[in-house]
Amino acid sequence: MNTNARFNEFDRAYFITKYLNPLSKSIYETQLSFKIPFFKETRGLKVTAQTLFDKNVFDAEAFSGFPDYKTTKEKIDLGKLLFNDPILSGDNSRSCASCHHSDKAFTDGLEKAVSLDGTMMVKRNTPTLRNIAFQRSFFYDSRVNYLEDQAIAVITNVNEMHGSLDKSALDLKKSKKYAADFKKAFPNKEITAFEIKNALASYIRSLSDYDSKFDGYMRGENQMDLDEIAGFNLFTGKAKCATCHFIPLTNGTVPPNFDRSESEVLGVPGKNKKIDIDFGKYDLTHAEVNRYSFKTPTIRNIALTAPYMHNGFFKTLEEVVDFYDQGGGSGLSFNLPNQTLPTDKLKLTPLEKKQLIAFMKTLTDKKLY
Ligand code: HEC
Ligand code: HEC
């Protein structure tokens, strides 16, 4: 085996696939052969996981705040219909899919979407909805904890959909088709705001399958090329990306318990080469440490979700990597005493930057909805 004396040279991809994964599998097999029972509880990382990279190893149910309202196929189908139907918006002009386009991993390619009345832009960039179920908080400022609560915020927002779930419930009851679909999804229940939210959330929970080139590689199902592997080693090593974008989820939901999702202060620029004016989590907490703090998002499907960051400031992954390479906002000379991104420069070579991006492009799900 290669000796890995230095942090930057340590071949993490090799170590995980050749040692850690087989070790973790054999622990699982030992548990089976000794007939040691598995815990019964629902956990973020399933108790029956053999490695961190198994298919369906994360349990979206564990992240739901409503254990009595389990996700079912009927709810997913209904949620998909609602997601694509303008019936939920105040003037019936807009659906969730107006901003979250399935072919762009549910983003819209815009810096920011245009407000409902067409006169301004909404506050933030439209994030992906794929693989986001595995978070303990939602929105860039972490203002809600459950997917169910997220829908209400968007539907009632004047600039986004300006609707009312109670009114939508009345409209939906009038439709024979929806009345029948709700009966199937929620037998013995009335159509109320909660059923609408739960159906939408169920659909979003279903948009999660860890089946990218990277996942296949980690499971030994396919190869990655040498640049992509080098990029993974940079992501988890020298470039320090995985200290916030935890592998394998690549979001800020902290292993091993996956019971909180972190926010960070990077110092993303806005207009006039100044720090962006959005205060992020500070607007909720009014704590100085949270000024300019944003939830660490997943970077799965990142090749499809440009432009990047809460304000869509960076148009390409090259720009994002340059920003990190120079130490975030501090590298742009912003006075940001609470920056949580380490301020030292990463000193990535042009080749290393290319490799990092090549790795990120392996995170595209094979099957898009
Ligand atoms: C006008 C465009 C627009 C429409 C319409 C829209 N969204 Fe969004 N969505 C956004 C933006 C922008 C954000 C980020 C807002 C923020 O973080 O403050 C977002 C965030 C989200 C999030 C949180 C993602 C995360 O990881 O935190 C979910 C879930 C979501 N939307 C689902 C929906 C659903 C369901 C609908 C329909 C009921 C919908 N959206 C309609 C633009 C839109
Ligand atoms: C200190 C924690 C931290 C580190 C380290 C970090 N990130 Fe991030 N990353 C974040 C946060 C927080 C955001 C969202 C910031 C925002 O929207 O303003 C983000 C956003 C991104 C985005 C844009 C996501 C989107 O959907 O718009 C990409 C791409 C990204 N990071 C890649 C990287 C790479 C590559 C590295 C390593 C060079 C890295 N990150 C290191 C916390 C971090």
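Modeller: Helices and strands here are DSSP runs, numbered from the N terminus: helices are H or I with at least four residues, strands are E with at least two. This is a predicted model, where local features need pLDDT of at least 70, side-chain atom pairs count only at pLDDT 80 or more, and totals for chains, interfaces and linings use all residues. Residues are numbered from 1 along each chain as its sequence is written, chains are lettered from A and ligands numbered from 1 in the order written, and side-chain values use heavy atoms, without hydrogens or water.

Start with the loop between α2 (73-83) and α3, where S115 is found. S115 is buried, at a relative accessible area of 1%; buried means under 20%, exposed over 50%, partly exposed in between (1.4 Å probe, protein chains only). Neighbours within four places in sequence aside, S115 touches R94, M120, M121, V122 and N159. Contact means heavy atoms within 4.5 Å.

H100 also lies in the loop between α2 and α3. Its NE2 is the single protein donor to the iron atom of ligand 1, 2.1 Å away. Donors are N, O and S atoms within 2.8 Å of the metal (3.2 Å for Na, K and Ca); water is not among the atoms, so sites may look incomplete.

Now the helices that flank this loop. Two packed helices are described by the angle between their axes and the distance between the axes. Axes are lines fitted to C-alpha atoms, for helices over the stretch in contact, and angles run from 0 to 180 degrees between N-to-C directions.

Take α2 and α6. Their axes come within 7 Å and cross at roughly 100°. The two are therefore roughly perpendicular. Helix α2 contributes K75, I76, L78, G79, K80, L82 and F83 to the contact, and α6 contributes I196, N198, A199, L200, S202, Y203 and S206.

Helix α3 (residues 147-156) packs on α6 (residues 193-206) as well. The angle is about 110°, with the axes 8 Å apart. That makes α3 roughly perpendicular to α6. On the α3 side the contact residues are L147, E148, A151, I152 and I155; on the α6 side, F194, K197, N198, L200, A201, I204 and R205.

How values were computed:
Angles under 35 degrees count as roughly parallel, over 145 as roughly antiparallel, 65 to 115 as roughly perpendicular and the rest as oblique.
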